[in-house]
Amino acid sequence: MTVFLNYLLTYTTVFGVGGLICSAAQILVVKTKLTPARILVLFLILGIVLEGFGIYKYIFGFAKSGVSIPIIGFGAALAKGSIEMARQVGFLGAFAGGLVRTAYGVGAAIVASYLVTLVFSPKSK
């Protein structure tokens with residue numbers, strides 16, 4: 001029974017934090033004149049800043065995929081890769097590190113989007 005409660009608490013936390021992030025984005029869309037693209041960039045930069053100051057790992061420890069799946073997690077992964085590669089290679093490593101760290105996710109997104117276009121018939125607006 002405790003295993004079930006542990007899973008329930010974990011899923012509730014993940015869903016709650018992810019929902020709060022999405023709710024914050026929706027409030028920004030409705031209440032401000034920010035475009036969705038600018039909000040996306042704002043959340044990306046928030047992830048970079050949180051990782052840069054070392055705060056992201058504590059939030060991730062609590063919220064797990066609730067914070068790593070949204071764009072905030074992508075920004076944190078870019079920053080973490082850049083920081084790690086800069087420490088190993090030097091200044092130029094900061095430019096490649098983020099790309100190396102996120103390459104699998106970006107590649108998977110490209111393949112998945114291509115497969116979706118094979119199943120559906122996309123049209124330009």
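The legends below describe close-up views of a predicted model.

**View A. A nonpolar patch on the surface.** Eight side chains are named here: Leu 40, Val 41, Ile 45, Ile 48, Val 49, Phe 53, Ile 55 and Ile 59 make up a nonpolar surface patch. Together these residues have about 680 Å² of accessible area. Helix α2, which spans residues 36–52, supplies the largest share of the patch, namely five residues.

**View B. Val 49 within the patch.** Val 49 belongs to helix α2 and is one of the residues of the nonpolar patch. Its relative accessibility is 37%, so Val 49 counts as partly exposed, a class that lies between the limits of 20% for buried and 50% for exposed.

**View C. The aromatic pair Tyr 7 and Tyr 11.** The structure holds three aromatic pairs. In one of them, the ring centres of Tyr 7 and Tyr 11 are 6.3 Å apart and the ring planes meet at 20 degrees, so this pair is stacked; the cut-off for stacking is under 30 degrees. Both tyrosines sit in helix α1 (residues 2–31), with a spacing of four residues, about one turn of the helix. Tyr 11 has a relative accessible area of 58% and is therefore exposed.

**View D. The aromatic pair Phe 91 and Phe 95.** The rings of Phe 91 and Phe 95 form an edge-to-face pair. The distance is 5.3 Å centre to centre, with 85 degrees between the planes. Phe 91 and Phe 95 are both exposed.

Terms used: Residues are numbered from 1 along each chain as its sequence is written. This is a predicted model: local features need pLDDT of at least 70, side-chain atom pairs count only at pLDDT 80 or more; totals for chains, interfaces and linings use all residues. Side-chain values use heavy atoms; hydrogens and water are left out. Patches are made of residues with over 30% relative accessible area and no salt bridge: like charges are joined within 9 Å, nonpolar side chains (Val, Leu, Ile, Met, Phe, Trp, Tyr) within 5 Å. Accessible areas come from the Shrake-Rupley method with a 1.4 Å probe; for residues, only the protein chains shown count as cover. A salt bridge is a side-chain nitrogen of Lys or Arg within 4 Å of a carboxyl oxygen of Asp or Glu. Helices (H or I, at least four residues) and strands (E, at least two) are DSSP runs, numbered from the N terminus. Buried means under 20% relative accessible area, exposed over 50%, partly exposed in between (1.4 Å probe, protein chains only). Rings of Phe, Tyr and Trp (its six-membered ring) pair if their centres lie within 6.5 Å; planes under 30 degrees apart count as stacked, over 60 as edge-to-face and the rest as tilted.
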